[in-house]
Amino acid sequence: MANLCLSVPGQPYLDESYRSVCFQTFLSVLQSSKTSDVDDITFCMLLQSALKGVQSLLNGGKMKLIQTDQIGALLAVLKKCMFHGLPGLSIEVPTALYPAPLPQYDKRSPVKQEQSEPATSKQTGSRRKKCKGKQKKGEFGEEGREDSGDAGNESVLGADMQKLHLGDVQSSPCPDPRPRVSDVCAGKDPLSSHPTGWKRISSSESEYSDTEGGIQSKVRSYQANVRQGALACFLSTIKSIEKRVLYGYWSAFVPDAPGIGSPQSVSLMTIALKDPSPKTRACALQVLSAFLEGSKQFLSVAEDANDHKRAFTPFSVTLASSIRELHRCLLLALVAESSSQTLTQIVKCLANLVSNAPYSRLKPGLLTRVWNQIKPYISHKDVNVRVSSLTLLGAVVSVQAPLPEVQLLLQQPSSSGLNSSGSTTPRRFISCEQWRKALPWAGESPLDTPAGCGPAEPCWLLRLCVSIIVLPREGSCSDSDPAFPSLSSVYEPCPLRLEALQVLALLVKGYFPMAQSYFLELGEVACRCMEEMDPSIQLHGAKLLEELGTGVLQQHKPDSPTAPEQRVPVSKVVTFWTMMLTGPLPGTLQNSPHATLQTSACDALSSILPEAFSLLQGDQQILCVTLLLGLNHSENPLVKAAAARALGVYILFPCLRQVRASPFPSPEPFYNEP
């Protein structure tokens with residue numbers, strides 16, 4: 001039945017009546033309990049097939065979930081299957097979930113709870129003593145994946161991990177992930193020291209023996225496959241439900257801070273923290289990331305900046321508590337994770353959370369913890385982790401900018417937020433002047449800029465991004481990922497440089513006073529990017545140029561709050577645009593075969609300051625107008641529209657409206673176009 005529900009290209013899909021029958025059949029199988037005459041492996045295979053069938057029905061929008069009882073029943077069985085066979089955890093889920101603002105229906109089995117509680121009281125003390133004496137850096141992650149085959153031990157681990165607060169994570173002696181990651185990169189199995197068979201999750205028949213241990217490993221493998229199938233089906237379900245309906249079930253899948261004396265609710269983060277399979281943990285984080293995507297309007301209700309003194313807890317405070325708990329759990333998972341693929345998903349999930357959380361309505365401190373925790377991962381050996389870390393930093397500087405908390409973070413010295421050794425800063429970024437010496441405009445000291453324009457040294461993030469973009473790569477930061485063919489080049493991998501350019505553009509856009517002290521240097525970075533052969537690097541170089549020009553325009557507006565003495569001097573703006581017009585910008589506008597690049601270049605050229613345009617040489621003024629008039633004849637409508645917008649801006653320049661001999665040759669190009 002599951003195979004019948006697969007769509008075949010070129011063939012008609014199942015009729016609606018058959019789809020409904022199949023869905024109800026799969027749902028009833030998932031709701032059923034294992035009987036004594038069915039072995040564990042057969043039951044797991046049955047659940048896998050039913051989950052595959054539901055996913056096939058939902059993929060591609062072939063079936064939309066609209067009815068509340070249908071959605072609730074499916075989410076209930078998915079939540080049950082998400083935890084199927086997870087060691088140390090047994091939950092009771094009803095036949096259907098309903099939209100509710102508070103956690104519901106995640107009670108643990110009373111029998112399992114009673115069995116695990118004595119083990120918790122007996123073993124917690126000895127576990128902590130062992131950790132104090134023997135635990136080295138990076139072993140926290142392996143400790144988090146330990147499984148001795150005893151449900152009580154897993155309960156102890158879950159309780160310990162869930163009771164840890166974010167402050168404990170940051171003050172722990174092992175926040176640096178690199179020893180653990182280096183072991184992985186060297187080919188060592190991070191789970192090799194553990195006594196049981198959780199090292200490998202595979203369903204291959206040849207990997208199991210007929211012994212009791214081999215059978216148990218096989219059962220665990222099939223149970224892990226069920227959990228992965230449930231999470232994959234949940235991901236398809238999220239795409240088949242409207243967001244406003246989905247967020248009614250927020251409390252059933254997203255963690256909330258536990259009340260005094262009550263256990264923490266079981267959620268997707270429980271899997272991300274406790275599941276022994278890296279693939280299952282990554283699946284749970286992928287589902288959580290999809291859950292958070294587009295949640296800005298829903299989360300905008302959250303508010304805990306002011307202490308409420310009421311007889312009840314408002315929903316806004318409950319939601320804010322959930323956001324804080326998400327931050328705590330994700331940062332805890334970040335420290336504990338050893339798999340590079342799962343680590344990438346954690347950072348991406350954090351970036352989604354940062355992009356949607358209303359930090360202006362929350363107590364400050366959340367972004368500071370994220371900022372300090374993500375710094376070490378910029379120097380990670382896996383290029384995907386480095387790219388996602390930059391994405392997270394870009395989300396921090398772009399969310400509701402400018403935020404006072406982020407402004408303070410940008411002003412901090414580069415060593416702040418690191419561990420006591422300070423070794424987590426990439427070595428290539430320690431020198432404040434290294435990247436400036438690589439640029440021809442570095443002769444101008446930041447001390448020559450007006451007071452208050454920016455810090456005495458560039459912020460850590462600005463130096464980081466410029467170093468990644470313009471400096472040659474070092475052997476110590478080399479990557480071994482074969483997915484990127486540009487690794488043999490002089491510079492960093494292209495995805496990393498592109499992400500650094502985007503973060504730099506976001507930094508300039510949201511916090512221009514931080515970057516204006518290095519206005520000419522950043523312009524030179526944009527020039528270098530537009531001179532390269534890669535169209536994507538050229539495009540983001542043009543976008544950086546546009547943000548620099550827009551930042552100057554905003555500063556020089558009549559109603560700008562920036563004091564005149566703290567603005568970028570007009571003379572420096574003239575130097576900046578002279579550099580652009582004698583550099584690669586005209587060639588990009590004239591000869592580029594890429595319409596998107598030409599459109600961005602037109603937008604950048606329209607961001608020139610009117611006072612600076614009037615001080616340009618006459619041939620440079622004519623060059624600007626001539627280039628835009630030529631692009632007005634482009635066959636691409638996007639390029640033509642961008643050129644027309646830029647010419648509309650130029651017409652309003654006082655220097656062009658007052659002179660008799662205007663550089664505009666004729667208005668005919670506008671009238672003759674359709």
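Which side chain meets that of arginine 324 in a salt bridge? Select aspartate 304: the two side chains meet at 2.8 Å, N to O, a salt bridge being a side-chain nitrogen of Lys or Arg within 4 Å of a carboxyl oxygen of Asp or Glu.

This is a predicted model, in which local features need pLDDT of at least 70, side-chain atom pairs count only at pLDDT 80 or more, and totals for chains, interfaces and linings use all residues. Residues are numbered from 1 along each chain as its sequence is written, and side-chain values use heavy atoms, with hydrogens and water left out.

Arginine 324 is in helix H15 (residues 315-336) and aspartate 304 in the loop between helix H14 (296-299) and H15, so the bridge ties together parts 20 residues apart in sequence. Helices are DSSP runs (H or I, at least four residues), numbered from the N terminus. Aspartate 304 is buried at 10% relative accessibility, whereas arginine 324, at 22%, is partly exposed; buried means under 20% relative accessible area, exposed over 50%, and partly exposed in between (1.4 Å probe, protein chains only).

Next, select arginine 227 and aspartate 275, whose side chains form a salt bridge at 2.6 Å, N to O. Arginine 227 belongs to helix H9 (residues 212-240), and aspartate 275 to the loop between helix H12 (268-274) and helix H13 (278-292), 48 residues apart. Arginine 227 is buried, with a relative accessible area of 0%, and aspartate 275 is buried, with a value of 0%.

Finally, move to the loop between helix H18 (383-398) and helix H19 (404-411), where proline 402 lies. The peptide bond from alanine 401 to proline 402 is cis, with omega near -5°.

Conventions: Helix = DSSP H or I, 4+ residues; strand = E, 2+ residues; numbered from the N terminus.
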